[in-house]
Amino acid sequence: MNGNPLAAAAGFAAGTAVGGACMWRMAQREKIQAHKPFKNIETVAIYGGSSATVDPQFLEIAVKIGKGVAERGWDQLNGGGSVGMMGAATDGGVSADGTVNCVILDKFLPFAHKALNKVTVAYNMSDRKKGLYENSDAFISLPGGLGTIEEIMEVLSWRQLGFHERPVVLINTNGFYNHLAEFLEHCIKSGFVSTKVRSCFLVTEDVEECLDFIQNYKPEFIDKTEIHQGVMRQTETDAARAAGLPTLSAPTPTPLPGLVIGARVVLVKPLRLQRTGTLAEGSVGIVTAVPGEGGSIAEVDFDDGPLTDVFPGTVKVLGTD
């Protein structure tokens, strides 16, 4: 790479054009959050604390993780700090001739690691987190504090909501994440988190197990509405039994000829979504499950919209690829 990315960043922030700089200001993005299907691993985001006053054992693992990511042929993306877990992860990546990029807050730019390949400056935490999230294919959380916990929990939350299908690993050095793992299991057993969330993240202190989990990851579809529907159906059933009425069950989906997994379908009427507006009539997608949830006839991954359930009378089968 030509030029010093940190000098380029400083020049950019001051409004000065610097040759060879790989810099851009984080643009304002649309607020609609689309589904991002899983793809091959190219870039791994590494979250971790920036404190310089932690046990050296934590730093040693961070170096190994950074090195291991590079040795697998993946780029590393982190918060850019030169000390703590972020700095150690960058050291590990650089030691294995890996590519390490960052998204860093402008206020911390003077403390950025000197060996980064590309430095992206963000001017608020929302854009910083988006920069890490949107440009990564997997997420590793090293031990860290409030910021680290917030970031990795947000990634897990979005995984449950179906916004992405990417793997998540918590590096459990010296049992650091034991209590968090117990809390997540408690949430699952209490019915607040989908049981399928268990399959999308790993808690381990073993570097190779972490990297193998990411490399071999096969995403499982998670439908957050299962939790809502399960509670509603149970409530309806309990109320019916108390009143001496027949218990309720989910409606049986109406079959549609040719509606199979892999079929292409088209909307014959606009489809209003719960959170992200409306899909227009004529929108095309591929069927990923038959039937869908809650009485729907199928689950469809639309080309210009999110993964969603469709109901009788809303789609027409075009054929299969």
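Here is a short chat about the sheets, helices and a few residues of this predicted model.

Visitor: Let's start with the parallel sheet: which strands stand at its edges?
Guide: The sheet is open, has seven strands with parallel pairing, and runs in the order β4-β3-β2-β1-β5-β6-β7. From one strand to the next, the twist averages 20°. The strands that pair on one side only are β4 (118-122) and β7 (201-204).

Visitor: How does α3 run relative to β2, and what is the angle?
Guide: α3 packs on the seven-strand sheet, where the helix touches β1, β2 (75-78) and β3. Angles over 145 degrees count as roughly antiparallel. The direction of α3 makes an angle with that of β2 of about 165°.

Visitor: Which residue in β5 is the bridge partner of A45?
Guide: β1 covers residues 43-47, and four bridges join this strand to β5 (residues 138-141). The two strands run parallel. Within β5, A45 has as its bridge partner F139.

Visitor: And T43, is that residue buried or exposed?
Guide: T43 sits in strand β1. Leaving aside residues up to four places away in sequence, T43 touches D75, L77, N135, S136, D137 and A138. Buried means under 20% relative accessible area, and T43 comes in at 15%, so T43 counts as buried.

Visitor: On to the antiparallel sheet: which strands have a single partner, and why does that matter for their sides?
Guide: Five strands make up this open sheet, in the order β13-β12-β11-β8-β14. The twist here averages 40° from one strand to the next. Two strands stand at the edges with one partner each, so one side of each has no neighbour in the sheet: β13 (307-310) and β14 (315-320).

Visitor: How many residues lie between β12 and β13 in their hairpin?
Guide: β12 (residues 298-302) pairs with β13 in the antiparallel sense over four bridges. Between the two strands of the hairpin, the number of residues is four.

Visitor: Which residues of β13 point the other way from L307 and D309?
Guide: In a regular strand, side chains alternate between the two faces of the sheet. In β13, L307 and D309 point one way, and all four residues named here, counting the other pair, are buried. The ones pointing the other way are T308 and V310.

Visitor: Now the helices: are α4 and α5 parallel, perpendicular or oblique to each other?
Guide: α4 (residues 125-134) and α5 (residues 146-160) have axes 12 Å apart and pack at about 55°. Angles of 65 to 115 degrees count as roughly perpendicular and those under 35 as roughly parallel. The two helices are therefore oblique.

Visitor: What residues of α5 meet α4, and how many in the contact are charged?
Guide: From α4, the residues involved are R128, K129, L132 and Y133. They meet E150, E151, E154, V155 and W158 in α5. The contact has four nonpolar residues and no polar ones, and its charged residues number five.

Visitor: D97 has a positive phi; is D97 buried or exposed?
Guide: D97 lies in the loop between α3 (84-95) and β3 (100-105). Its phi is about 60°, although D97 is not a glycine. With 72% relative accessibility, D97 counts as exposed.

Methods:
Residues numbered from 1 in each chain as written. Predicted model: local features only at pLDDT ≥ 70, side-chain atom pairs only at ≥ 80, totals over all residues. Heavy atoms only, no water. Axes fitted to C-alpha atoms, helices over the stretch in contact; angles between N-to-C directions. Contact = heavy atoms within 4.5 Å. Nonpolar A, V, L, I, M, F, W, Y, C, P; charged D, E, K, R; others polar. Buried < 20%, exposed > 50% of the residue type's maximum accessible area, 1.4 Å probe, protein only. Pairing = 2+ DSSP bridges.
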